[in-house]
Amino acid sequence: MSILKIAIQGVPGSFHHQVALRNFGEDIEILDFTTFEPVARAVANGVADFAVMAIENSIAGAILPNYDLIDRYELSIRDEYYLPIGHQFMALPGQSIQEITEVRSHPMALLQCKAFFAQHPHIQLKEDTDTASVARDIKLGNLKGVAAIASSIAADIYGMQIISPDIQTVKSNFTRFIILQKESVKPSDSVNKASIKVTIQNQKGGLAKLLTLISDRGIDLSKIQSIPVIEKPWEYAFFLDLVFENHVILSQTIEEIRGSFGEVKIFGEYVSRK
């Protein structure tokens, strides 16, 4: 039996790495990339069996480019995973916060810790590609005066000292990850959530009518995200997460949307984990 290959953005100790291990177990091969596009490409090209990809955070909101990647690479959502996020402020051992002049991390992590750094204006914020890779690079380069924001697991892996724990602005901080694969997923009887894209034709009040239709069918809209259709000025694509109780009603509703509003693309039907 071959070992599953899981594509992630980040290095060992990253939040994506943690989700991969929790979702698929320890007996997997991790394919790590510095950005999200090669993650999507690895699954689309069959290099990886699955991908783990962050899609939204409870503080910082949606990661818009990742919606486009799912769509462009024709990927399917197999599952979702909500990971509680604790951001640890760490550096090489033996330093105080007064000695730290620069902190590096992923822009989403920096955004989630704004209140902490407002109290320490002497620290310069610098965006990087990943959380755990910053901790690794500080260790490898023996960089004094430079800190990382990463997980406690990353601190253990790379021998860093946590100077201030859990510095995220909102302590109840979660990131929603999705599990992606190339082939469409045949829904089981237990599914109760669907992720779809609707391209609305340019009509007055189109979005309001769409939302009314969904509500009237007893379907809960848990997420909506709009992206302009570049090749069609003034038309918009809406990414929707729908939570439902009856799959037949969902299917009928999707057909109604197609008939009344425009193109519908189903990214996946799966079990809601929230």
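1. Leu 211 is partly exposed, because its relative accessible area is 31% (buried is under 20%, exposed over 50%, partly exposed in between, with a 1.4 Å probe and protein chains only). Leu 211 sits in helix 8, residues 206-216. Helices here are DSSP runs of H or I with at least four residues, strands are runs of E with at least two, and both are numbered from the N terminus.

2. This is a predicted model: local features need pLDDT of at least 70, side-chain atom pairs count only at pLDDT 80 or more, and totals for chains, interfaces and linings use all residues. Residues are numbered from 1 along each chain as its sequence is written, and side-chain values use heavy atoms, leaving out hydrogens and water.

3. Gly 141 belongs to helix 6, residues 132-141. Its relative accessibility is 41%, so Gly 141 counts as partly exposed. From Gly 141 to Leu 213 the separation is 72 residues in sequence and 57 Å in space, C-alpha to C-alpha.

4. Asn 142 is in the loop between helix 6 and strand 9 (146-150). Asn 142 is exposed, at 52% relative accessible area. Its phi is near 50°, a positive value in a residue other than glycine.

5. Glu 74 also deserves a look. Its phi is near 55°, positive although the residue is not glycine. Glu 74 lies in the loop between helix 3 and strand 5 (76-84).

6. How do helix 2 and helix 3 pack, and at what angle? Helix 2 (residues 36-44) and helix 3 (residues 64-72) pack at about 20°, with axes 10 Å apart. They are therefore roughly parallel (angles under 35 degrees count as roughly parallel, over 145 as roughly antiparallel, 65 to 115 as roughly perpendicular, the rest as oblique).

Terms used: Axes fitted to C-alpha atoms, helices over the stretch in contact; angles between N-to-C directions.
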